[in-house]
Each structure stands twice: as structure tokens, then as C-alpha cells.
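Student: I'd like a close look at one part of this protein, with the rest brought in as background. Could you walk me through it slowly?

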Amino acid sequence: MWYLCVFYHRLLDYRKPEFESLADLFGAFGDKRSSDFNTQDKVLQWRLPKHHHPDSPFHFVHLPYEDVARKIANRSILVKGIYELWGEGNDFEELEEAVKSYPDERKLPYLEYESTFKITVDSFGKVLSLQEQNERIQGLSYIPFKGRVNLKNPDHNFWLMETDENETNNGLPPVVKRRIFFGREIGGADRKLIPMYQLKTRNYLGPTAMDAEMAFLMANQAQAAPGKLVYDPFVGTGSILVSAAHFGAMTMGADIDIRVVRDGRGPDCNVWSNFKQYGLPMPIGLLRADNNLPPWRPGLKEVFDGIICDPPYGVRAGGRKSGGRKLLKGIVSPYTVPDDKRADHIPSTATYTLVECVHDLLDLAARMLVMGGRLVFFYPVLREDGSVETHFPEHPCFKLVATSEQMLSSRYSRVLLTMVKTSLYMEELALAARIKHLEFRENHLKWLENGNLHSSVFSPADAESGDSKVSKGSKLKYRGKYV
């Protein structure tokens, strides 16, 4: 059945990938166990309303059941609401004709005497006064509502939504003609999560703590849910694992800095206190571990259902791996820390380039994810002349199912990559992955291997050049911002 999906007008590249990940989680594509992990046919049908821009918040989506639509809407971060559309039109006369022609067997169950209802008037691109809203509600008198009005806790919510008629850029996606929608609400997002988990109220924070909204989006992309185990190999202060735990997943993390995972800023200000602050289940373990030298015993495979992380790519923080410069250069030999010094010992570390970090991350995920498990991580991108580098890391065990770009400046963006494990880990695949890694390193931008992404992002060349031309690959701005 076709439903009207209304998105929040923000993080435009993330809207459909998040929706489709949740649709897969809640069974919109059938039983996962019999799908043979074929992700190629797991694509929802989408279409735009008449005269709407692709960036419009209004989309039609085809879903198999109303229960799936409700679960997606109630969990999503970027879906404002999903509605059973009773009618649409360019004006109120056309809307009335459409609503009257909608089948009675679909309408009458929600118009009974015993039920309560509420009508909400909403608009996009303009503001309606209270008087205008009341006039529009009075204009729906042709709908035979028999129940009582209940504004606080109604049985059924109905929405009248309209768009502004504008072809010029008023800071929002252009609409050639006015469009009015009326429908019954199936479900809507709980945006209270964002202020509840916002970073400014977080007990323990670090310089790379993930924004709450983005952390929840990453958890949705990874399909975090009760009974699943989610791992973050660059856990830091635990922001990503907090969002996964909120959705009921078991969590586990690791970081190379033992001071972060063990000490924090004291017994009441550490990673564990962040989980305690929100009443969430504690992680089953936090490890001092190196992504370059993983701590897992040989032969251990397929443990995690999802791996979610924000690798250190050298903008706010650089990557580190075990071994000081002298040890890596062979100037000194490997040594064993005496027992009496182990409690306070902080191991030496060396620079960890992004290319090496991403290769190790893909190898870890290929080994440790279950079949069908998801790897979700951010990857930095530099734009040259407005075009974007689209050569992303690859691995024979994974299929890339979603890419979502977030512009952070005119030259720099980060892309959220979502990969699904489709093949079992074998030594021949590991060898093929190593070959792909070498090709990737050879063909990719120099900043990736040399580790000078920070200087590329914050170089004086990033200042506005005065050329106001928008290149073909540039992303649109709305009200002066990338959304």
C-alpha cells in the first residue's frame, strides 16, 4: 500500500537510507533467514507528489503492512510522520473530491461514535495563523466525523498539510504548484530523544563525542535492536554505544587510550556514568585494544551483529596504533612491562594513517560480524571544484548499501557508509581484500595516505574565492546551510 511519508527538512542524504534500513529491520522485505542475504532487491518504491523537488519533505512510499509503517515512523529520527492518504489536490475543491472518492470501507472504521479524534493543520514553506488553521478545519465538514474531539490523547490523529506555492528559492525546495494533503496518521518520530540525549547535558564528553542525532541515525543504519550485540572499536566517551543501548542492543567497545576507557575524569565521570545517566544497560565490556592489533583469539569469528564507529581520520583527532617510533623503526626490541608497573603503564603509540585504519576496520568487520551484520562508519571526503570523490573503501565480504553525505564546508564533507556482510570470511577473500586495499591506496587522493587531511580541510584555500558559480557537483544550500 502507498503511504505519504513526511520527513524533517534536515540531513537530506540520510532520510531514505535510514528509512530503508528500518524497513529491512521490521520485515518490509520478507524473512531475512530465507533471503540468502541478497541485498540487491531490498529497495523500496518511492515517488514524489506532483511538482515537488527531490529535496521536498513529502514522499510517497510503498510498504507491505501498516504495522511496518508504524514501527518505522515511531523509531525513525528523520521521519516526521507516515500517513494513510485519504486525498490530495491543488486546491480545497480538488481535495474534497479526492477525500469523498476514497473508499468508505477505509474511512468509516475511524469515524465511529465510540472513537475520539484530533485534526492538526500543518504547512511547509509558510506559516498559518490560528484563524487560518481553524478555517481549514471547518472546511472539512464534508467528512462525517461522529466521534468526540480529544486534543490530548485521541484514538485517531488526522493531518491537513499544505505546501507554499513558490518557484523561487525562498530557502526551501521549490514547489511549482500548491499541494494539499489530508490523511490519517500511522505513526510519528519521537523527537524528544534529541534534547534528552543532547551533548550539553552529557556527564562525560570528549572532543570527538558524536552528536546525539547522528548517533541515533548510525544506530538505525546498523539496525540496533534487542538481542543484538553492537561493537565500537573507537569508543571514546561512548556516544555511539549510548544510542545503540537506547534501542535495546547489547554493547561493547574498545579504545587505544586506556585513560578514556578505564579512568575518565573520575569514578563518577566516565564512559560507564554516561550509561548510568540515562538508565541504560551497561556495556558488557570496555577494552583497551588496538584496531591495528585486535585482541581476539585466533579462530574467533562472527560475534557481533553490528559495528558502528567514527574512525579517527585526522580532522579533530588523529589515529594512533601500538608501538612507538623507535619500536616500529627497529631501534629498540619488543619488551615486556614488569608486573609492578602494569597498573599505571601507558603504552607507547605511533601515527595511524587513515588508509591503514580503514583496511584494519574492514578486516575486523569481515571476521567478527555475523552474516547479514552491518558495518556503519564515517569516511572523510574532500571536494575539488565542487565535485566529490566517490571511490570508497571496498571488501569482498561486504556490499555497500547506503552512502549519506554531510557537508561540513565547501571543500570537506563526511560520508556515512553502510555495508552489509554478504560472504563468509576466508583466507582467499582476505588476500583479495589486501589487493583491493593496495589499489585503493595507489589510486586515491594523497591526503588519505599522508595523513594531512587536517591541513587540507583548514588550509587558507578553503576561504571563499569570490567565484559565485555553483559547479555541477555542488550540493544545494537551504537558508545558507547544507542540510
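Student: With which residue does Asp 363 form a salt bridge?

Tutor: Happy to take you there. Asp 363 forms a salt bridge with Arg 367, and the closest N and O atoms are 3.3 Å apart. A salt bridge here is a side-chain nitrogen of Lys or Arg within 4 Å of a carboxyl oxygen of Asp or Glu. Before going further, please keep in mind that this is a predicted model: local features need pLDDT of at least 70, side-chain atom pairs count only at pLDDT 80 or more, and totals for chains, interfaces and linings use all residues. Residues are numbered from 1 along each chain as its sequence is written, and side-chain values use heavy atoms, with hydrogens and water left out.

Asp 363 and Arg 367 are four residues apart in helix H12, so about one helical turn separates them. Helices (H or I, at least four residues) and strands (E, at least two) are DSSP runs, numbered from the N terminus. Arg 367 is partly exposed, at 32% relative accessibility. The cut-offs are under 20% relative accessible area for buried, over 50% for exposed, and partly exposed in between (1.4 Å probe, protein chains only).

The largest nonpolar core has 76 residues, and Met 218, Ile 307 and Leu 375 have the most contacts inside it. Helix H12 (residues 354-368) gives the most to this core, with nine residues. Such a core is a set of buried Ala, Val, Leu, Ile, Met, Phe, Trp, Tyr and Cys residues joined through side-chain atoms within 4.5 Å. Domain 1 (2-32 + 41-190) and domain 2 (194-457) both give residues to this core, so it lies between them; the domain bounds come from an automatic or database domain assignment.

Leaving aside neighbours within four places in sequence, Ile 307 is in contact (heavy atoms within 4.5 Å) with residues including Leu 361, Leu 364, Ala 365 and Leu 375. Tyr 231 and Pro 233 are also among the contacts of Ile 307. A second, separate core of 20 residues includes Tyr 3, Leu 44, Val 61 and Ala 73.

In one of them, Arg 184 pairs with Glu 66, with the closest N and O atoms 2.9 Å apart. Arg 184 lies in strand S8 (residues 180-187) and Glu 66 in helix H2 (residues 66-75), so this pair ties together parts that are 118 residues apart in sequence. Arg 184 counts as buried, at 4% relative accessibility. Arg 262 and Asp 263 also meet in a salt bridge, at 2.9 Å from N to O; Arg 262 is partly exposed at 40% relative accessible area, and Asp 263 is partly exposed at 30%.

Finally, a word on confidence. The protein chain averages a pLDDT of 84, and 82% of the residues score at least 70; pLDDT is the predictor's confidence in each residue, from 0 to 100. Please read two stretches with care: pLDDT stays under 50 over residues 33-40 and over residues 461-472.
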